[in-house]
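Please read the briefing below alongside the sequence and the 3D view.

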Amino acid sequence: MDEIQRIAKESLLKEAKAIENLVNYIDEDFTKAVELIYQSKGRVIVTGIGKSANIANKIVATLNSTGTPGIFMHAADAIHGDLGIIQPEDVVIILSKSGNTPEIKVLIPLIRSFKNSFIAIVSDQKSFLATHADFVLKATVSQEACPNNLAPTSSTTAQLAIGDALAICLLNKRGFTPDDFAKVHPGGSLGKKLYLKIKDVYPYNESPRVYSDAAVDKIITEISSKRMGATAVLTHDNKLVGVITDGDLRRMLQHQSDKIGTLKAEDLMTINPKTISPDTLAVNGFKIMEENNITQLIVIENGSYLGMVHLHDFIKEGIV
């Protein structure tokens, strides 16, 4: 078991070192490659062979999700018809560790004949790919994490990291915002964190409320029947003045049970309760609950009470 852990840690350290060394290779070509893609009116076609093709697919996914349209093209399939993917204003990115594989050597003159600019992400700076590319993004590694220095490990990790850096630079230049991100990530818990708002949640809940002069029996009935674990306390013109939770009721019964017949809502309520606007993102509502160790938030607009959201709402929506 100790040997397994040693090998795992050694592999991770080798790959971490490979990525760390890439900082030394970010140069003028990287800047020009970002500008080329940013100024292009076309898409980014990313291609490779073998394991580099797998990384190319992931880079395309990252580009698409951060505002830069991308398409994957397998280098082997390209020379059997898939070159039709490439349109005149597209920029091509070719991934290869060696930069000398037969498929890459065949592909490069064809791309040149289309007059498309292309960028290399390559380890060997003296390779056929590196010497023929318009711009070279150096994914140079000294050794693979594989003990035999054969299986693509550090080299593919380096390619992926360079692709991520490229995508993030483009994201920054485009001013890509969380709202933009939400538009292309509408599904799942990630999407909900980016677009689900309080107004999408609270209308489905009961809206427990009592007036400040309500008696204890009315408060108990309202909290129990509305199943929110609390009730808002309002003035008679619907302005929020406090909140009473089921915890407040338990403490009252423990310490002031002899006064139960005379107590009113205003005697039990917590003033200045935590509130939230209906236009606030639900994930921010959860953060308020978490920071204040509470399970309900009162929804108000222009000082008027609208309803209530509960921690269970956020759990049900999958944003917790």
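Leu110 is partly exposed, because its relative accessible area of 30% falls between the limits for buried (under 20%) and exposed (over 50%), with a 1.4 Å probe and protein chains only. This is a predicted model, in which local features need pLDDT of at least 70 and side-chain atom pairs count only at pLDDT 80 or more, whereas totals for chains, interfaces and linings use all residues. Residues are numbered from 1 along each chain as its sequence is written, and side-chain values use heavy atoms, leaving out hydrogens and water.

**Helix residues**
- Thr157, in helix α7 (residues 154–174), counts as buried at 19% relative accessibility, and it touches Glu15 and Ile19 when residues up to four places away in sequence are set aside, a contact being heavy atoms within 4.5 Å.

**Cysteines**
- The count of disulfides is 0, where a disulfide is a pair of cysteine sulfur atoms within 2.5 Å.
- Cys146 is buried at 13% relative accessibility, whereas Cys169 is partly exposed at 29%.

**Sheet**
- Four strands form an open sheet in the order β6-β7-β8-β9 with mixed pairing, and β6 (209–211) and β9 (270–271) are its edges, each having a single partner strand, so one side of each lacks a neighbour in the sheet.
- β6 pairs with β7 (residues 230–234) in the parallel sense over 3 bridges, pairing requiring at least two DSSP bridges between two strands, and Val210 has Val233 in β7 as its bridge partner.

Definitions and conventions. Helix = DSSP H or I, 4+ residues; strand = E, 2+ residues; numbered from the N terminus.
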